[in-house]
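Look at the sequence and the model together.

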Amino acid sequence: MAAAVIPPLDLAGDPVVAAEQLIGWTLLVDGVGGPIVETEAYRHDDPASHAFSGQTARNAVMFGPPGHIYVYLSYGIHWCMNISCGPPGVGSGVLIRALEPVEGVDRMRERRGDRPLRELTGGPGRVGQALGAGPWLAGRRADLRPPDRIRQVAATVRVGISKAVEQPWRFLDPDSPYVSRRPRRAA
DNA sequence: CCTAGGATTAGCT
DNA sequence: GCTAATCCTAGGC
C-alpha cells in the first residue's frame, strides 16, 4: 500500500501557503496542545497585519526567523498565538485560531475551567489560554510535529478584522468539530 | 500626554 | 443577537 504523503511545511515563504500547510500539524507548548485545525495568514503588506506599520518592540518576533512564537493581547483580555513566517526582516505570520485538544487536556482544563472539549481550544483566545500563552512565550521556537493523517482544508475569509476583509486567508479543516465557527464562504 | 480601538469571549436578553 | 470586560499599542496633539 502507498505510504501516506505528509504535507510539506515551509514557514520561510508566503504565510498564506504556510497557513494552509499548518493544518494538521501538532502544536505543543510544554507538551500541551494538539493538531492545528484553523489558521489565518497575515502578510507583511497586509493592512490587517500587526506588522503592516513596520517593526516595533511588540511585533519584533514577526520580523525574526520563521517558526517562532509571536503573542499579542487581544481586546485587553486574550493572549493569542502566532507562528512567525517568511524570511527574517519581512514581518509576517500565521494566527493559530483553533486546534484539537489532544495533549495535556488536564492542564487545559486547569487553565480554562472544566469545560467540554469543544470549548477548550476553539478560538484564538481559547487556544492561548489553554496553552498558557503570555509574554513569556514571545520568541520561543514553536514545537511542531508532523500530521498523523491527511486532512481536508477549506479556505474562507478571515474573522474579526476591518481591513482586507475579502482575502480568503483563513484555513480550516471542515471535518473537525474543533474549529472556532462554521466556515463562511469567501466572496 | 491622552485617547481610540482592537486578529475576542462569555454571559445575558 | 448584543454588549461588557479589560489593557496594550500606535498615533495624534
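This is a predicted model: local features need pLDDT of at least 70, side-chain atom pairs count only at pLDDT 80 or more; totals for chains, interfaces and linings use all residues.

Residues are numbered from 1 along each chain as its sequence is written, chains are lettered from A and ligands numbered from 1 in the order in which they are written, and side-chain values use heavy atoms, with hydrogens and water left out.

Start inside. In soluble globular proteins, nonpolar side chains tend to be buried together. A nonpolar core here is a set of buried Ala, Val, Leu, Ile, Met, Phe, Trp, Tyr and Cys residues joined through side-chain atoms within 4.5 Å. Buried means under 20% relative accessible area, exposed over 50%, and partly exposed in between (1.4 Å probe, protein chains only). The largest nonpolar core has 32 residues. Within this core, L22, L27, M81, L131 and L144 touch the most other members. Elements that give it two or more residues include α1 (15–21), β4 (78–85) and α3 (124–130). Helices (H or I, at least four residues) and strands (E, at least two) are DSSP runs, numbered from the N terminus. A second, separate core holds 10 residues, among them A48, A51, F63 and Y70.

Take M81 as a guide. Contact means heavy atoms within 4.5 Å. Beyond its neighbours within four places in sequence, M81 is in contact with residues including L27, V29, V94, G128 and L131. Y70 is also one of the contacts of M81.

D173 lies in the segment after β8 (170–172). Is D173 buried or exposed? D173 is buried, at a relative accessible area of 1%. Its side chain makes a polar contact with the side chain of R151, at 2.9 Å. A polar contact is a pair of N or O atoms within 3.5 Å; within protein, one must be able to donate a hydrogen and the other to accept it, and residues adjacent in sequence count only if both atoms are side-chain atoms.

E100 forms a salt bridge with R151, the closest N and O atoms being 3.1 Å apart. A salt bridge is a side-chain nitrogen of Lys or Arg within 4 Å of a carboxyl oxygen of Asp or Glu. E100 lies in the loop between β5 and α2 and R151 in the loop between β6 (143–145) and β7 (154–156), so the pair ties together parts that are 51 residues apart in sequence. Both E100 and R151 are buried.

The whole structure has 11 salt bridges. R43 pairs with D14 at 2.3 Å between the closest N and O atoms. R43 is partly exposed, at 25% relative accessible area. D14 is partly exposed too, at 28%. E38, E40, R97 and R170 are linked in a network of salt bridges.

Finally, the DNA. An N or O atom in the side chain of N82 is 2.5 Å from a base nitrogen of DNA strand B. For Y72, the corresponding distance to a base nitrogen is 3.1 Å.
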